[in-house]
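Here is a short report on salt bridges and helix packing. Look over the sequence and the model first.

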Amino acid sequence: MVRFPLYCPKCKREFLINVIQNKAAKEQLYSVIYKLTEKQFRRIYSRYFLNMKLRDIAELEGISITAVRNCIFLGLRKLKKILKKTL
């Protein structure tokens, strides 16, 4: 639990604004990430949400690190295009 000093209501307001903005950004990202292919979604999710290393993802899926890297790159490029259209 975050505690704020009683004498600083501005700090609490700014914190709440940041939380709301971050929540909106996350919701937008989640809605867009489902437009990826299953492989791209799985690998990007593993890499950036689960903080897995490329090597670990490659070993888990039985493919090369290069294949994982390329798939993530293409998926991120697709996400960028989709986000540009929606913003």
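Which side chain meets Glu38 in a salt bridge? That of Arg42 does, with N to O at 3.6 Å. The model is a predicted one, and every value here is computed from it.

**Salt bridges**

Three salt bridges turn up in a search of the whole structure. Here are the pairs.

| Pair | N to O distance |
|---|---|
| Arg42 and Glu38 | 3.6 Å |
| Arg42 and Glu61 | 2.9 Å |
| Glu61 and Arg43 | 2.7 Å |

Start with Arg42 and Glu38. Both sit in helix α2, four residues apart, so about one helical turn separates them. Glu38 is exposed, at a relative accessible area of 62%. Arg42 is partly exposed, at 32% relative accessibility.

Arg42 also forms a salt bridge with Glu61, where the closest N and O atoms are 2.9 Å apart. Arg42 belongs to helix α2 and Glu61 to helix α3 (residues 54–61), so this pair ties together parts that lie 19 residues apart in sequence. Glu61 is partly exposed, with a relative accessible area of 22%.

Glu61 has a further salt bridge, to Arg43, with the closest N and O atoms 2.7 Å apart. This pair again links distant parts of the chain: Glu61 is in helix α3 and Arg43 is in helix α2, 18 residues apart. Is Arg43 buried or exposed? Arg43 counts as buried because its relative accessibility is 8%, and the cut-off for buried is under 20%.

Shared partners join these salt bridges. Glu38, Arg42, Arg43 and Glu61 make up one network.

**Packing of α2 on α4**

Now turn to the other side of the story. At what angle do helix α2 (residues 38–49) and helix α4 (residues 65–86) pack? The angle is about 100 degrees, and the axes are 9 Å apart. So α2 is roughly perpendicular to α4, because angles of 65 to 115 degrees count as such.

Which residues of α2 meet α4? They are Lys39, Gln40, Arg43, Ile44, Arg47 and Tyr48. From α4 come Ala67, Cys71, Ile72, Leu74, Gly75, Leu76, Lys78 and Leu79. The residues of this contact divide into eight nonpolar, two polar and four charged.

Note on methods:
Residues are numbered from 1 along each chain as its sequence is written. This is a predicted model: local features need pLDDT of at least 70, side-chain atom pairs count only at pLDDT 80 or more; totals for chains, interfaces and linings use all residues. Side-chain values use heavy atoms; hydrogens and water are left out. Axes are lines fitted to C-alpha atoms, for helices over the stretch in contact, and angles run from 0 to 180 degrees between N-to-C directions. Helices (H or I, at least four residues) and strands (E, at least two) are DSSP runs, numbered from the N terminus. Angles under 35 degrees count as roughly parallel, over 145 as roughly antiparallel, 65 to 115 as roughly perpendicular and the rest as oblique. Contact means heavy atoms within 4.5 Å. Ala, Val, Leu, Ile, Met, Phe, Trp, Tyr, Cys and Pro count as nonpolar, Asp, Glu, Lys and Arg as charged, and the others, Gly among them, as polar. A salt bridge is a side-chain nitrogen of Lys or Arg within 4 Å of a carboxyl oxygen of Asp or Glu. Buried means under 20% relative accessible area, exposed over 50%, partly exposed in between (1.4 Å probe, protein chains only).
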